[in-house]
Amino acid sequence: MVHLFVLICLWHRVDVFADTDAVQSVSVLEGDSVALESGFTEMVDDDLILWRFGAENTLIAQINVMAGSITVYDNALAGRFRDRLKLDHQTGSLIITNITITDSGVYQLHTSSVRKRFNLTVNACLPVHAISSNSSSLSRSSKHEHFNITDLCQKCADLHGHCCDTVEAVIRLVVTSLMGVAAAIAVALLVNDVRSTRGSGLKGQTDLQS
């Protein structure tokens, strides 16, 4: 009977670990803060909560509820997390402030009954000057796509004063010249028509005299 009870307890313990060993993905921006939730509403007296990081499972923080102690290992990993780790006194959740790219990786929570893994991804923020540069490029591209004579005149006026007025005067001169040419052609056609009419009249008179 005792052996059966022990087996049931072991099966229950394994089942708890199996349900809580899934990897949770967390994504944040560089410079933000993130809380890796333990899932506890409160800790019990026999809890020993360990937080580990990386492939080598380096211990970075722990809570010993029985002893009433909270320890953050600032010197771990060459002081990578120095002054940036906090532990929630009630739930045991791990809080990381001022996130950096090097904080990306797998974090593990170990207690007497629960194991959790968090895959933390830290995304770099786009620098402000790069955003401004991209915006300027897009703006220039948009202006090129919608380029028209009005834009040209405006830019021309800004750079060279009255160059567009000069262009307009040249256009008027060309139009006037074309109108003059058209008038000359019309006069020539009229003269030819008159000559033809006179020639036909003289020929008719000669025939009558004959």
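The structure is a predicted model in which local features need pLDDT of at least 70 and side-chain atom pairs count only at pLDDT 80 or more, whereas totals for chains, interfaces and linings use all residues. Residues are numbered from 1 along each chain as its sequence is written, and side-chain values use heavy atoms, with hydrogens and water left out.

The protein has 4 helices and 9 strands, where helices (H or I, at least four residues) and strands (E, at least two) are DSSP runs numbered from the N terminus. Along the sequence these elements follow the pattern α-β-β-β-β-β-β-β-β-β-α-α-α. Of the 210 residues in the protein, 23% are buried; buried here means under 20% relative accessible area, exposed means over 50%, and partly exposed lies in between (1.4 Å probe, protein chains only). The accessible surface comes to about 14,900 Å², and 60% of it belongs to carbon and sulfur atoms, the areas being computed by the Shrake-Rupley method with a 1.4 Å probe and, for residues, with only the protein chains shown counting as cover. Among contacts with a separation of 6 or more, residues 24 or more positions apart account for 54%, a contact being heavy atoms within 4.5 Å.

The strands can be followed sheet by sheet. An open sheet of 6 strands has the order β1-β9-β8-β3-β4-β5, with mixed pairing; two strands pair if DSSP finds at least two bridges between them. Its edge strands are β1 and β5, each of which pairs on one side only, and neighbouring strands are turned by 20° against each other on average, direction ignored. For such angles, axes are lines fitted to C-alpha atoms, for helices over the stretch in contact, and the values run from 0 to 180 degrees between N-to-C directions. Within this sheet, β8 and β9 pair in the antiparallel sense over 6 bridges, and L109 stands opposite K116 in β9. The pairing of β4 with β5 is likewise antiparallel, over 4 bridges, with Q62 opposite T71 in β5. These two strands, β4 and β5, form a hairpin with 4 residues between them, and G68 in the turn has a positive phi of about 70°.

The other sheet to consider is an open one of 3 strands, in the order β2-β7-β6 and with antiparallel pairing. Because β2 (34–36) and β6 (85–87) stand at the edges, each with a single partner strand, one side of each is left without a neighbour in the sheet. The twist from one strand to the next averages 25°. Strand β6 is joined to β7 (residues 94–96) by 3 bridges, the two running antiparallel, and K86 stands opposite I95 in β7.

In soluble globular proteins, nonpolar side chains tend to be buried together. The largest nonpolar core holds 25 residues, of which L36, W51, L94, I96, Y107 and L120 touch the most other members; such a core is a set of buried Ala, Val, Leu, Ile, Met, Phe, Trp, Tyr and Cys residues joined through side-chain atoms within 4.5 Å. At least two residues of this core come from each of β1 (23–29), β2, β3 (48–53), β4 (58–64), β6, β7, β8 (105–110) and β9 (115–123). Leaving aside residues up to four places away in sequence, L120 touches V26, V28, V34, I96, I99, D103, S104, G105 and Y107.

D103 also takes part in the 1 salt bridge that a search of the whole structure finds, the term requiring a side-chain nitrogen of Lys or Arg within 4 Å of a carboxyl oxygen of Asp or Glu. Its partner is R84, at 2.8 Å from N to O. Since R84 lies in the loop between β5 and β6 and D103 in the loop between β7 and β8, the pair ties together parts that are 19 residues apart in sequence. Both R84 and D103 are buried.

A few further residues complete the picture. T58 lies in strand β4 and counts as buried at 18% relative accessibility; not counting residues up to four places away in sequence, T58 touches W51, R52, F53, A76 and L77. A78, in the loop between β5 (69–72) and β6, has a phi near 60°, a positive value in a residue other than glycine, and counts as exposed at 83% relative accessibility. N98, in the loop between β7 and β8, also has a positive phi, near 50°, but counts as partly exposed at 46% relative accessibility.
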